[in-house]
Number of protein chains: 2
Amino acid sequence: MSQFDPSLATEACIQCPIRHRAVCASCEGDEIDRLAAMKSYRSWHAGETIVMEGAPLPFVGSVVTGCATLTRTMEDGRMQMVGLLMPSDFVGRPGRAAAAYEVVAATDLTLCLFKRDAFERMLRDTPHVGQRLLEMSLDELDAARDWMLVLGRKTAREKVATLLANILRRASTDTHPLRAELPLTREAMATYLGLTIETVSRQITGLRKAGLIALEGRRGIACPDLSALLIEAGDDEDGRLID
Amino acid sequence: MSQFDPSLATEACIQCPIRHRAVCASCEGDEIDRLAAMKSYRSWHAGETIVMEGAPLPFVGSVVTGCATLTRTMEDGRMQMVGLLMPSDFVGRPGRAAAAYEVVAATDLTLCLFKRDAFERMLRDTPHVGQRLLEMSLDELDAARDWMLVLGRKTAREKVATLLANILRRASTDTHPLRAELPLTREAMATYLGLTIETVSRQITGLRKAGLIALEGRRGIACPDLSALLIEAGDDEDGRLID
DNA sequence: CGGCAACTTGAGCTACTTCAAAGGACGTGG
DNA sequence: CCACGTCCTTTGAAGTAGCTCAAGTTGCCG
């Protein structure tokens, strides 16, 4: 995972890799200057917990590089991942002092942080941050609902194929065959898919034996034919695009 | 289900039952007048489809009375409900011309509608509608994520208990024992819970035989002890309240 | 090269589904 | 007001996908 050098982005965020996709995307001039003045960067190593479920969260922010997971845990220890945060995704909730979910760095991770109260003031004063955040929240809501279909109705094989296809789609830059480094362990995948680790492993093996994917070391994955994998996932050929 | 008489609410929304919870909640003076001038009411009977998945949706709006469901369907017919809309909940997405989900009236239903383009102009011009919509969307996102835990990790019995407890909590006005009319058929419950209709039926029977609920006719349900039902649901005593 | 965590594989079990049929609530028309 | 038909719901019996428990195996770091 390529680490991000904060010094590159300090000058009004010019060099920032998520400048045009994150919550700051539609800010210009005064607005971006104000955000730049109040931001700070912080990094975590893979596996580190960023906040525990229910713990106070005095900041909000954006994923700059790396990947984080949101999980909820039941009293008896059963866990469900409820979100997978990739670069440009937003962390935290304005107006709420405590984290609703445990946030863990799945890979090495850098966040661009804002103090919550300062960010909330920004939301009140300027329109663009709030508008962008609304747009992003609605996208997250759609993604969460799409995932409800995966959890509620798909078979184990379809679930695993869905996840791998999503990761391949997001990670790839038009290389053939499609390749990616999985940001998740088998355990994290199981937590995301509502399965056990053994079932995830068996399904990955099954997909490999069917020639739908190839494994490269422990974390590498390649896919010779993404549309074949998507069919295995029970999706329409190439997902649906609504707008 | 008590029908709503639109004439009661036409005067600047004074009589509107969702005036202080819906997307208009934080509007006053000019803003509420402007919304009132552009609103219109429309009703559907239980079972009627409001929009099909992917169909154009030229309006957005709020549930005034009744209950609607959001569902996604796979090509082979498997369905998953992804949202249950109750009074004050918002329907539609600004900035999107097509419905991402099928919307169906679960009970007789009245919506307070705004043309999408006019509503989007309102979002741009005035801060309060957007701020309220952001707040509501974040609540919906939390609810969707909570439901992911239900779908991914709970047993059939826990799922059914969770749903019934939610309905009882929302529908009740501090009567003991707690009573409610189920707004959903067994089939709709199964679609919501990621189960089959038979499993839902068996679990309801099981809860009844355990004395956790009592059935009254086909749709009526009573609960002598909500906290016992919540324990059956695998939840903390009374759900979690974060703020 | 040794040690450890992550992953895979196997065998048996169980919760939920599937398929099938019977039982009730509710509305309609006689 | 009762008979009838329909749809929703319940119940039963058998099948199976995914879980649990228990060993192995592999990649990777020091």
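A residue is near a strand if its C-beta atom, placed from the backbone, lies within 6 Å of it. The legends below describe close-up views of a predicted model.

**Figure 1. Residues around DNA strand D.** In this view, 19 residues surround DNA strand D. The closest are A:Thr199 from chain A, together with B:Thr185, B:Arg186, B:Ser201 and B:Thr205 from chain B. The largest share, six residues, comes from α6(B). By class, the surface near DNA strand D divides into four nonpolar, seven polar and eight charged residues.

**Figure 2. Residues around DNA strand C.** DNA strand C is surrounded by 18 residues. A:Thr185, A:Ser201, A:Thr205, B:Thr155 and B:Thr199 are the closest. At least two residues of the surface near DNA strand C come from each of α5 (186-193) of chain A, α6 (197-209) of chain A and α6 (197-209) of chain B. Of the elements involved, α6(A) gives the most, with six residues. The surface near DNA strand C is made up of four nonpolar, seven polar and seven charged residues.

**Figure 3. B:Ile197 in helix α6 of chain B.** B:Ile197 has its place in helix α6 of chain B. This residue counts as partly exposed because it has 14 C-beta neighbours inside 10 Å, whereas a buried residue needs 20 or more and an exposed one has 12 or fewer. Leaving out residues up to four places away in sequence, B:Ile197 touches B:Arg186, B:Glu187 and B:Ala190. B:Pro56 lies 141 residues from B:Ile197 along the chain, and their C-alpha atoms are separated by 31 Å.

**Figure 4. The two domains of chain A.** The domain assignment divides chain A into domain 1 (6-145) and domain 2 (154-232). Taken over C-alpha atoms, the centres of these two domains of chain A are separated by 26 Å. Where the domains meet, 10 residues of domain 1 are in contact with seven residues of domain 2. On the domain 1 side, β4 (68-73) and β5 (79-85) of chain A are the elements that give two or more residues. The largest share of that side, four residues, comes from β5(A). The side of domain 1 that touches domain 2 has six nonpolar and four polar residues, and no charged residues.

**Figure 5. The annotated span of chain A.** An unreviewed UniProt entry carries the annotation "domain: Cyclic nucleotide-binding" for residues 23-140 of chain A. In the model, the end C-alpha atoms of this span lie 13 Å apart. The span is 29% helix and 35% strand.

**Figure 6. A:Asp117 in helix α2.** A:Asp117 lies in helix α2 of chain A, which covers residues 116-125. A:Asp117 is exposed because 12 other C-beta atoms lie within 10 Å. A:Pro58 is 59 residues away from A:Asp117 in sequence, but the two are 8.1 Å apart in space, C-alpha to C-alpha.

**Figure 7. The contact between chains A and B.** Chain B and chain A each bring 37 residues to this contact. On the chain B side, β5 (79-85) and α3 (127-153) each supply at least two residues. Helix α3(B) provides the largest share of that side, 19 residues. The side of chain B that touches chain A divides into 15 nonpolar, 10 polar and 12 charged residues.

**Figure 8. The largest nonpolar core.** The largest nonpolar core of the model has 153 residues. Those with the most contacts inside this core are A:Ala68, A:Met148, A:Leu164, A:Leu229, B:Ala68, B:Met148 and B:Leu164. Around B:Ala68, leaving aside neighbours within four places in sequence, the contacts are B:Ile50, B:Val63, B:Leu85, B:Val103, B:Val104, B:Ala105, B:Ala106 and B:Leu109.

**Figure 9. Ser88 in chains A and B.** Most residues other than glycine have a negative phi. A:Ser88 is not a glycine, yet has a positive phi of about 90 degrees. B:Ser88 likewise has a positive phi, near 90 degrees. A:Ser88 lies in the loop between β5 and β6 (90-91) of chain A, and B:Ser88 lies in the loop between β5 and β6 (90-91) of chain B. A:Ser88 counts as buried because it has 20 C-beta neighbours inside 10 Å. B:Ser88 also counts as buried, with 20 C-beta neighbours inside 10 Å.

Notes
Residues numbered from 1 in each chain as written. Chains lettered and ligands numbered in written order. Predicted model: local features only at pLDDT ≥ 70, side-chain atom pairs only at ≥ 80, totals over all residues. Nonpolar A, V, L, I, M, F, W, Y, C, P; charged D, E, K, R; others polar. UniProt positions renumbered as here; feature names shortened; annotations may be inferred. Core = buried A, V, L, I, M, F, W, Y, C linked by C-beta atoms within 7 Å. Contact = placed C-beta atoms within 7 Å. Domains from an automatic or database assignment.
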